[in-house]
Amino acid sequence: MTAPITTGSERKPLDREIDVYGVTHPGKVRKENQDHFLICELQRKMVVRQTSLPNIGGISAEGERLAFLMMVADGVGGGVKGEEASRRALEAATQYVQQSMRCYYAASSADDEEFFEALTETAHQCHADLIRRGESDPEYRGMATTLTLYLGVWPRSYLLQVGDSRCYVLEQGKLSQMTRDQTMAQELIDLGVMSSEGVQNTRLAHTLSSSIGGRQTEPVVTRRESKWGTVVLLCSDGLTRHVSDDRIAERLRSMTSARQVCEDLLEEALAGGGSDNISLIVCRALPQET
């Protein structure tokens, strides 16, 4: 007789029950890819599962998974400046989160305040790092990046948002955007000055009001409950410029694996024009027989 599959908050997913995949592509127009992404596990040491970063290696040490980390960054500044900004932001964020024992202790104590403080500080430290880089080398002045960071500590997840990369969640067939775009267009929409339709195809739609390394950074940290079967999507605006929310929802509802849906969404963004770099990560927890 087969034992029933146990789900819910009474246990966190095993490593083999986490279906996750990420992909990045320069698109059809730009020669450089200024996006980067990272997927890793936080144990007593960090274990990298997949990334576009060139100089972060995996650590083979095994142990209990305390948290699960995913990040997408979309560089701003053109040429090497954009790529440098997104790469340095993810490298710095990884180090700050890894080195912060508050995160590890909070994973055991379930102290929300620890996570909010640690993630907010991570954004400010990354911001300061890029500012220092620009001050020390004029070639890199003006570089900046978005940062969308998802930290899963079952049965909760924490989301750090700076810029206009996005986090979506598909739960019970319904797609919800969990992040607010930090753009000048969204600021005008929130103030009631312009409609979403009125700014959709303007330069303001892609002008950041908050970024890592830019004129100002306003990190926003939120929390939600994690559930089995919920699909999480992190993406740069290279995806959402060409693939509508309705189409994203349709793809996620019919997905057979994280890898399959990432590749399908990437293909659709390229077919729609591929006018920008495209990065995305898809993750879900699927129960298996123990």
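Which residues in H8 are buried? Ala 258, Val 261, Cys 262, Leu 265, Leu 266, Glu 268, Ala 269 and Leu 270 are, where buried means under 20% relative accessible area with a 1.4 Å probe, counting protein chains only. Keep in mind that this is a predicted model, in which local features need pLDDT of at least 70, side-chain atom pairs count only at pLDDT 80 or more, and totals for chains, interfaces and linings use all residues. Residues are numbered from 1 along each chain as its sequence is written, and side-chain values use heavy atoms, with hydrogens and water left out.

**The chain overall**
- The chain has eight helices and twelve strands, taken as DSSP runs (helices H or I, at least four residues; strands E, at least two) and numbered from the N terminus.
- Of the 290 residues in the chain, 50% are buried.
- Take the contacts (heavy atoms within 4.5 Å) between residues at least 6 apart in sequence: 71% of them join residues at least 24 apart.

**The cores**
- The largest nonpolar core has 31 residues, and Met 71, Leu 90, Leu 149, Leu 151 and Ile 212 touch the most other members. A nonpolar core here is a set of buried Ala, Val, Leu, Ile, Met, Phe, Trp, Tyr and Cys residues joined through side-chain atoms within 4.5 Å.
- Two or more residues each come from strands E2 (35-42), E4 (67-76), E6 (147-153) and E7 (156-162), and from helices H1 (79-99) and H3 (112-136).
- H1 gives the largest share, six residues.
- A second, separate core of 24 residues includes Ala 249, Cys 262, Leu 266 and Ile 278.
- Beyond its neighbours within four places in sequence, Ile 212 is in contact with residues including Ala 89, Ala 123, His 127, Leu 147 and Val 162.

**Helix H8**
- Just after H8, Gly 273 takes a positive phi of about 140°.

**Gly 163**
- Gly 163 sits in the loop between E7 and strand E8 (166-171), and it counts as buried because its relative accessibility is 0%.
- Setting aside neighbours within four places in sequence, Gly 163 is in contact with Thr 146, Arg 180, Asp 181, Gln 182, Leu 208 and Ser 210.
- Gly 163 and Ala 73 are 90 residues apart in sequence and 9.1 Å apart in space, C-alpha to C-alpha.
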